[in-house]
Amino acid sequence: MASVQPIRPPRVEPVGIHSHAIDNLRFIRETMERAGSFTAVPGWGGFAMGVVALPVTWLGSRQTTAEAWLWTWLLGGLLAVAIGAVALNYKAGKAHVSLLSGPARKFALSFAPPLIVGALLTAFLYRANLTGMIPGIWLLLFGTGGVTGGAFSVRIVPVMGLGFMALGAVALFCPPQWGSLFLAAGFGGLHMLFGVVIARKFGG
Amino acid sequence: MGNAPVVKGGGPVPDFDRLIHERLRLGIVSALAANDTLTFNELKKLLKTTDGNLSVHARKLEEATYIACQKSFAGRMPKTEYRLTEEGRRALGRYLDHMEALIQAMRDR
């Protein structure tokens with residue numbers, strides 16, 4: 001026997017107009033976040049980071065042990081990161097761009113993994129007494145971060161990343177003694193070159 | 001019928017813009033508000049829609065002068081680029097005001 005079905009479907013509570021309004025605002029915000037790119041990449045900050053790499057190269061070349069050379073570059077790297085962070089914060093503030101916005105988060109989340117891998121590989125290569133490979137690995141992974149993070153930023157960022165990757169690839173197959181020169185060319189030269197281009201084309 | 005919502009400043013809410021209210025058209029305008037220009041393919045990918053659907057809705061926005069379209073060639077491939085006009089930016093602003101006023105009106109009840 002067939003079951004008894006109501007002729008009219010049960011009444012569905014109408015959705016309030018303000019719920020539609022909230023939903024529409026959410027849709028606009030999400031669409032703008034998805035469509036937007038992270039434009040607060042600091043050009044002059046990148047240039048300053050490049051300038052830091054030059055004295056670090058000179059200081060590194062004067063060290064007599066691999067450990068001292070590594071510490072020189074790590075401290076130089078920390079200084080460069082601090083300069084970059086200040087410049088990034090300044091440019092984002094000037095452009096009224098939140099560093100917690102969708103594009104900024106996507107940029108950071110895509111940029112970070114290669115750097116974390118780089119840190120782990122540095123520890124491994126140092127313990128395995130393979131410090132000669134570190135410059136090539138650093139350049140390759142920093143470049144990879146530039147390419148992956150740059151997918152959510154202005155187009156010049158992934159191009160810069162490719163430059164670092166190319167330099168890193170060459171460094172891996174060159175004599176380890178040339179490592180500092182490759183680091184100077186990448187973290188110094190490429191940062192200064194692309195820093196100026198980004199600053200002039202993308203507002204500082 | 002309830003009172004018409006008012007904007008924060010106390011004035012009446014601007015007329016409801018049905019042209020921009022449609023979901024895909026709202027998506028086009030919002031995406032272009034976050035970028036100087038977007039190509040047809042970028043918009044299609046971003047809004048997960050079809051060629052036909054996007055071109056129909058983009059045409060309506062173009063006719064209302066909310067967006068401007070520029071066609072060119074990238075090599076041998078045709079390239080269609082869209083940008084938001086000042087009129088379109090103002091329309092999005094009015095629409096946002098309207099939505100906020102509706103929410104505010106419900107909260108004030």
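Biologist: Does P42(A) count as buried or exposed, and how many C-beta neighbours does P42(A) have inside 10 Å?

Modeller: A residue is buried if 20 or more other C-beta atoms lie within 10 Å of its own, exposed if 12 or fewer, and partly exposed in between, with the C-beta atoms placed from the backbone. P42(A) counts as buried because it has 24 such neighbours. This is a predicted model, in which local features need pLDDT of at least 70, side-chain atom pairs count only at pLDDT 80 or more, and totals for chains, interfaces and linings use all residues. Residues are numbered from 1 along each chain as its sequence is written, while chains are lettered from A and ligands numbered from 1 in the order in which they are written.

Biologist: Where is P42(A) found, and with which residues is P42(A) in contact, leaving aside its neighbours within four places in sequence?

Modeller: Helices (H or I, at least four residues) and strands (E, at least two) are DSSP runs, numbered from the N terminus. P42(A) is in the loop between α1 (17-35) and α2 of chain A. Two residues are in contact if their C-beta atoms, placed from the backbone, lie within 7 Å. Neighbours within four places in sequence aside, P42(A) contacts G84(A), A87(A), L88(A) and K91(A). The C-alpha atoms of P42(A) and G203(A) are 8.6 Å apart in space, although 161 residues separate the two in sequence.

Biologist: How many helices and strands are there in chain A, and in chain B?

Modeller: Chain A has seven helices and zero strands, in the order α-α-α-α-α-α-α. Chain B has five helices and three strands, and from the N terminus its elements run α-α-β-α-α-β-β-α. Of the 204 residues in chain A, 36% are buried; of the 109 residues in chain B, 28% are buried. Taking contacts between residues at least 6 apart in sequence, 74% of those in chain A join residues at least 24 apart. In chain B, residues 24 or more positions apart account for 57% of the contacts with a separation of 6 or more.

Biologist: Which residues touch the most other members of the largest nonpolar core?

Modeller: In soluble globular proteins, nonpolar side chains tend to be buried together. A nonpolar core is a set of buried Ala, Val, Leu, Ile, Met, Phe, Trp, Tyr and Cys residues joined through C-beta atoms within 7 Å. The largest core here has 33 residues, and L139(A) and F164(A) touch the most other members. At least two residues of this core come from each of α2 (43-61), α3 (66-94), α4, α5, α6 (156-172) and α7 (179-201) of chain A. The largest share, seven residues, is from α7(A). Apart from this core lies another, of 27 residues, including I67(B), Y82(B), L84(B) and L102(B).

Biologist: At what angle do α2(B) and α4(B) pack?

Modeller: Axes are lines fitted to C-alpha atoms, for helices over the stretch in contact, and angles run from 0 to 180 degrees between N-to-C directions. Angles under 35 degrees count as roughly parallel, over 145 as roughly antiparallel, 65 to 115 as roughly perpendicular and the rest as oblique. Helix α2 (residues 23-33) of chain B meets α4(B) at about 70°, with the axes 10 Å apart. The two helices α2(B) and α4(B) are therefore roughly perpendicular. Among the residues making the contact are L24(B) and I28(B) of α2(B), and A58(B) and L61(B) of α4(B).

Biologist: How many residues does the contact take from chain A and from chain B?

Modeller: Chain A gives 14 residues and chain B gives 13 residues. For classes, Ala, Val, Leu, Ile, Met, Phe, Trp, Tyr, Cys and Pro count as nonpolar, Asp, Glu, Lys and Arg as charged, and the others, Gly among them, as polar. The side of chain A that touches chain B has eight nonpolar, five polar and one charged residues.
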